[in-house]
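Q: Hey, I'm new to this one. Can you walk me through what's inside it, in plain words?
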Amino acid sequence: MSRSIATRTGDDGTTSLLYGQRVAKDHPQIEAVGAFDELNAALGFAKATCSDADRRAELERIQHDLVAFMGELACAETDLVRYQASGFRKLGDPDLARLDAALAAIEASKPRFDGWATPGANLHAAALDLARTVARRAERRLASLPAHGRSVRPVLVCYTNRVADLLWLMARQAEA
C-alpha cells in the first residue's frame with residue numbers, strides 16, 4: 001500500500017521540522033524553507049527555458065544544493081548538533097567556490113548592462129530574473145532567522161547572496 005501525501009497532520013495549522021518538532025505554518029523557519037522551495041521551483045522554470053546544456057547543469061546543481069540547504073533550515077535550533085552529526089549533505093566552502101567560479105566566468109565575458117535591468121528581453125532572461133528576485137526574498141527570510149532564535153551558518157548566507165548575484169549575471173548574459 002502506498003503512503004498518501006495527505007497526512008492531515010497539518011490541518012491544525014502546524015507542520016513538522018526535520019526531526020518532528022511541530023511549529024506553526026507561519027513560523028519564521030517554515031517561511032524561510034518555503035522561500036527556498038519557491039527558489040527551487042523558479043530555478044526549475046529557468047532551467048526549462050534554457051537551451052544551453054552547461055547553464056542547465058549549473059542551475060540543476062544549485063537546485064540540488066537547495067535540497068541540502070532546506071534540510072538544514074528545517075532543523076530546529078535544539079536539533080542542530082544532531083543534524084551536524086547526521087549523514088545529510090551540508091553546503092560548505094567548495095559549493096561557495098563553485099559559485100564564485102561561475103560568477104567570475106560570466107564576468108570575464110563582460111556582459112552588457114546599463115544600470116537597473118528591465119527584465120523580459122526573452123523568456124530565459126525573464127525566468128532568470130524571476131528566480132533572482134525569489135532568491136533575494138529567500139535571502140531576507142534567511143537573514144531574519146537569528147532574530148527568532150535560529151542560528152544560521154555564515155556559508156548559507158554567503159551562498160544565497162552568490163546565487164542571487166549569479167542569477168542576475170546569467171540574466172544579463174541571456175539578454176545578449
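A: Let's start with a term: buried means under 20% relative accessible area, exposed means over 50%, and partly exposed is in between (1.4 Å probe, protein chains only). Arg-172 is buried by that rule, with a relative accessible area of 2%.

Q: Before we go on, what kind of model is this?
A: This is a predicted model, where local features need pLDDT of at least 70 and side-chain atom pairs count only at pLDDT 80 or more, while totals for chains, interfaces and linings use all residues. Residues are numbered from 1 along each chain as its sequence is written, and side-chain values use heavy atoms, with hydrogens and water left out.

Q: OK, back to Arg-172. Which residue does its side chain meet in a salt bridge?
A: Glu-175, at 2.8 Å from N to O. A salt bridge here is a side-chain nitrogen of Lys or Arg within 4 Å of a carboxyl oxygen of Asp or Glu. Helices are DSSP runs (H or I, at least four residues), as are strands (E, at least two), numbered from the N terminus. Glu-175 is partly exposed, at 27% relative accessible area.

Q: How many salt bridges does the structure hold?
A: It holds 15 salt bridges. One of them pairs Arg-98 with Asp-65 at 2.7 Å, N to O. That pair links distant parts of the chain, with Arg-98 in helix 4 and Asp-65 in helix 2, 33 residues apart.

Q: And Asp-65, buried or exposed?
A: Asp-65 is buried, with a relative accessible area of 3%.

Q: Switching topic: how many residues are in the largest nonpolar core?
A: There are 42 residues in it, and those with the most contacts inside it are Phe-36, Leu-39, Leu-66, Phe-69, Tyr-159 and Leu-167. A nonpolar core is a set of buried Ala, Val, Leu, Ile, Met, Phe, Trp, Tyr and Cys residues joined through side-chain atoms within 4.5 Å.

Q: Which helix gives the most to this core?
A: Helix 6, with 11 residues. Helices 1, 2, 4, 5 and 6 each supply at least two.

Q: What is Leu-39 in contact with?
A: Apart from neighbours within four places in sequence, Leu-39 is in contact (heavy atoms within 4.5 Å) with Leu-66, Ala-131, Val-134, Ala-135, Val-163 and Leu-167.

Q: Last topic, aromatics. How many aromatic pairs turn up in the whole structure?
A: A search finds 3 aromatic pairs. Tyr-83 and Phe-88 make a stacked one, 5.6 Å centre to centre with 15° between the planes. Rings of Phe, Tyr and Trp (its six-membered ring) pair if their centres lie within 6.5 Å; planes under 30 degrees apart count as stacked, over 60 as edge-to-face and the rest as tilted.

Q: Which residues do ring pairs link into a cluster?
A: Phe-36, Phe-69 and Tyr-159.
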